[in-house]
Amino acid sequence: MTPPTKDEPQVVGLLLAAGGGRRLGGRPKALLTHRGRPLVEHAVRVLREGGCTTVHVVLGAAADEVRARAHLDGCVLVDNPEWTEGMGSSLRAGLASLAGTGAGAALVSLVDQPGIGAEATRRVRAAYRSPASLAAASYDGQRGHPVLFGTDRWQPIAASARGDRGARAYLAEHEAEITLVECGDVAEPYDIDTAADLGRLD
């Protein structure tokens, strides 16, 4: 892991981990077990191994239990009291938590995608060029996570983030400006959404 130099604006990891797992019978996704530990720990480790020395984690469902059970030392924990409104509210809360940090970009990942590891994270992080940067992992040509938003993008993205769509509306509107980073050779972008998906966890 290479930390940013003094002259390189920091790319901060932003992990969205507030979901309540409605289709999993109300099991918060952050607390699903993966490799013997809460899934949120795995997702934080991926961001760190991918080069993000600072990680902000947005919590919502069972936030107190996540704090108690998961080892999230060194992370900035962000409460999203509006988590039931969907991913958009978590993205807004996460971007707001980065204000004034001096970060050059946010690298956004989702807690329920354990098939996306450090190499994909590292590749997308490396796409940072300026505060106007906009980049996303691509899987056989299909855009996915993680996504990278330079600071110039944060305000308009937050303004458009509603419901479960997150930044989708903004990304669709600015598709021609997105740097796609192919990661299909090193990662699988599946979600843990249903009971059938739980078999993908170790």
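Is helix 1 (residues 39–49) mostly buried or mostly exposed, and how many of its 11 residues are buried? Helix 1 is mostly covered, with eight of the 11 buried. Buried here means under 20% relative accessible area, exposed over 50% and partly exposed in between, with a 1.4 Å probe and protein chains only. Helices are DSSP runs of H or I of at least four residues, strands are runs of E of at least two, and both are numbered from the N terminus.

Some ground rules. This is a predicted model, where local features need pLDDT of at least 70 and side-chain atom pairs count only at pLDDT 80 or more, while totals for chains, interfaces and linings use all residues. Residues are numbered from 1 along each chain as its sequence is written, and side-chain values use heavy atoms, with hydrogens and water left out.

Back to helix 1. Its buried residues are Leu39, Val40, Glu41, His42, Ala43, Val44, Val46 and Leu47. Just after the helix, Gly51 has a positive phi of about 110°.

Now the cavity. On a 1 Å grid over the protein atoms alone, a cavity is a set of points where a 1.4 Å probe fits but cannot get out; a pocket is an open set with protein on both sides within 12 Å along at least five of seven lines; lining residues have an atom within 4 Å of a point. Points join across faces, edges and corners, and volume is the space filled by probe spheres set on them.

The largest cavity has a volume of about 120 Å³. It is lined by 14 residues, and Val46, Ser109, Leu110, Gln113 and Ile116 are closest to its centre. Which helix gives the most to this lining? Helix 1, with four residues. Strand 6 and strand 8 each supply at least two. By class, the cavity lining has nine nonpolar, five polar and no charged residues. Nonpolar means Ala, Val, Leu, Ile, Met, Phe, Trp, Tyr, Cys and Pro; charged means Asp, Glu, Lys and Arg; the others, Gly among them, are polar.

Next, the largest pocket. Its volume is about 930 Å³. Of its 33 lining residues, Lys29, Met87, Asp112, Asp164 and Asp193 lie nearest the centre. Strand 8 (142–150) gives the most, five residues. Other contributors of at least two include strand 1 (11–17) and helix 3 (87–97). The pocket lining splits into 13 nonpolar, 10 polar and 10 charged residues.

Last, one ring contact. The charged end of Arg200 sits over the ring of Tyr190, 4.1 Å from its centre. The cut-offs are NZ of Lys or CZ of Arg within 6 Å of the ring centre and within 35 degrees of the ring normal.
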